[in-house]
Amino acid sequence: MQALTREERILAEQNYPLIYMTLREAHLSEEFYDAAVLPYLQAVQEYCRAEEQRRSSFEEYARQEIRRALASYLRKENARRKEAIICSLEKLKNTPSKAP
């Protein structure tokens, strides 16, 4: 990601509450802020730099990009947790039991 231009910084500063609004709508805590802020800043840049992004409002576009990134993040986290559980169960299965 490149440094924000002056126009992009102003847009980002004026609209940063969208991050918290989107987290609340998704019933996610502020713990997920880090997963949302980079996609938000990327949306700022894309909106300012690409004419085709301006067909919708910035708010609509940014929220869509944040939701998409959060969904991807949550899918990866769920897959990672499932993998950890499977590994733990396999360890238990392969551990010799101690006879009393």
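Q: Which side chain meets that of Arg 63 in a salt bridge with an N to O distance of 1.9 Å?

A: Side chains of opposite charge can pair when their charged atoms come close. The term salt bridge stands for a side-chain nitrogen of Lys or Arg within 4 Å of a carboxyl oxygen of Asp or Glu. In this case the partner of Arg 63 is Glu 25, at 1.9 Å, N to O. The pair links distant parts of the chain, with Arg 63 in helix α4 and Glu 25 in helix α2, 38 residues apart. Helices are DSSP runs (H or I, at least four residues), numbered from the N terminus.

Q: What kind of model is this, and how are residues numbered?

A: This is a predicted model, in which local features need pLDDT of at least 70 and side-chain atom pairs count only at pLDDT 80 or more, while totals for chains, interfaces and linings use all residues. Residues are numbered from 1 along each chain as its sequence is written, and side-chain values use heavy atoms, with hydrogens and water left out.

Q: Is Arg 63 buried or exposed?

A: Buried means under 20% relative accessible area, exposed over 50%, and partly exposed in between (1.4 Å probe, protein chains only). Arg 63 has 13% relative accessibility, so the residue counts as buried. Glu 25, at 45%, is partly exposed.

Q: Where do Glu 59 and Arg 63 lie?

A: An α-helix has 3.6 residues a turn, so residues three or four places apart point the same way. Both Glu 59 and Arg 63 lie in helix α4, four residues apart, about one turn of the helix. Their side chains meet in a salt bridge at 2.7 Å, N to O.

Note on methods
Helices (H or I, at least four residues) and strands (E, at least two) are DSSP runs, numbered from the N terminus.
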